[in-house]
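This briefing is intended for a reader who is new to the structure shown below. Please keep the sequence and the model in view while reading.

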Amino acid sequence: MNPESYSPGNHLSRDLGEIRREILKLDLEILELLHERLQLAEEAGERKRQEGKQLRDEDREEELLRILTGHTENEELVEGVWRQIFDY
């Protein structure tokens with residue numbers, strides 16, 4: 001939803017089916033981005049193996065979490081989701 005077009009009563013005029021379709025659309029976009037991220041992480045892992053580096057870089061993970069949580073009001077959600085991604 002475009003924040004500029006939001007008005008307090010506007011969301012009440014949308015039907016549940018429409019809301020669910022928007023959520024599904026976003027979920028599919030998130031899934032596509034997760035697949036892209038996984039491919040890049042696998043590529044980075046292969047590069048690390050070639051260079052004899054440790055696959056898991058906890059300092060880098062913490063740096064990413066600091067960056068990402070700095071861009072949200074829901075730090076717990078971001079940290080929880082990204083820790084799951086890192087652990088995959």
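Buried residues (under 20% relative accessible area, with exposed meaning over 50% and partly exposed in between, for a 1.4 Å probe and protein chains only) make up 9% of the 88 residues in the protein. The accessible surface, calculated by the Shrake-Rupley method with a 1.4 Å probe and with only the protein chains shown counting as cover for residues, comes to about 7,900 Å², and 53% of it belongs to carbon and sulfur atoms. The model is predicted: local features need pLDDT of at least 70, side-chain atom pairs count only at pLDDT 80 or more, and totals for chains, interfaces and linings use all residues. Residues are numbered from 1 along each chain as its sequence is written, and side-chain values use heavy atoms, with hydrogens and water left out.

**Overall architecture**

- The protein has 3 helices and 0 strands, where helices (H or I, at least four residues) and strands (E, at least two) are DSSP runs numbered from the N terminus.
- Read from the N terminus, the order of elements is α-α-α.

- L28 belongs to helix 1, which covers residues 16-50.
- Together with L24 and L31, L28 makes a nonpolar surface patch of about 290 Å².
- Patches consist of residues with over 30% relative accessible area and no salt bridge; like charges are joined within 9 Å, and nonpolar side chains (Val, Leu, Ile, Met, Phe, Trp, Tyr) within 5 Å.

**Helix 2**

- Helix 2 has 12 residues and reaches 16 Å from its first C-alpha to its last, close to the expected 16 Å; the expected span is 1.5 Å times one less than the number of residues.
- Its buried residues are E61, L64, L65 and T69.
- These residues lie on the same side of helix 2, because they cover an arc of only 120° around the axis; the arc is that of the directions from the helix axis to the C-beta atoms.
- The buried residues of helix 2 pack against helix 1 and helix 3, contact being defined as heavy atoms within 4.5 Å.
- On the face turned away from the buried side of helix 2 are the exposed residues D59 and R66.

**Helix 3**

- Helix 3, residues 75-87, has 13 residues and reaches 18 Å from its first C-alpha to its last, close to the 18 Å expected.
- V78, I85 and F86 are the buried residues of helix 3.
- They cover an arc of only 95° around the axis and are therefore on the same side of helix 3.
- The cover over these buried residues includes helix 1 and helix 2 (58-69).
- The face of helix 3 turned away from its buried side carries the exposed residues E76, L77, Q84 and D87.

**The surroundings of V78**

- V78 lies in helix 3 and counts as buried at 11% relative accessibility.
- Leaving aside its neighbours within four places in sequence, V78 is in contact with L65, L68, T69 and T72.
- V78 and L65 are 13 residues apart along the chain, and their C-alpha atoms are separated by 7.8 Å.

**Salt bridges**

- The structure holds 9 salt bridges, each being a side-chain nitrogen of Lys or Arg within 4 Å of a carboxyl oxygen of Asp or Glu.
- R56, E61 and D87 are linked in a network of salt bridges.
- E61 counts as buried at 10% relative accessibility, whereas R56 counts as partly exposed at 36%.
- D87 also forms a salt bridge with R56, with the closest N and O atoms 2.8 Å apart.
- This pair links distant parts of the chain, since D87 is in helix 3 and R56 is in the loop between helix 1 and helix 2, 31 residues apart.
- D87 counts as exposed at 52% relative accessibility.
- E63 and R60 also meet through their side chains in a salt bridge, at 3.6 Å from N to O.
- E63 and R60 are separated by about one helical turn because they are 3 residues apart in helix 2.
- Both are partly exposed, E63 with a relative accessible area of 34% and R60 at 40% relative accessibility.
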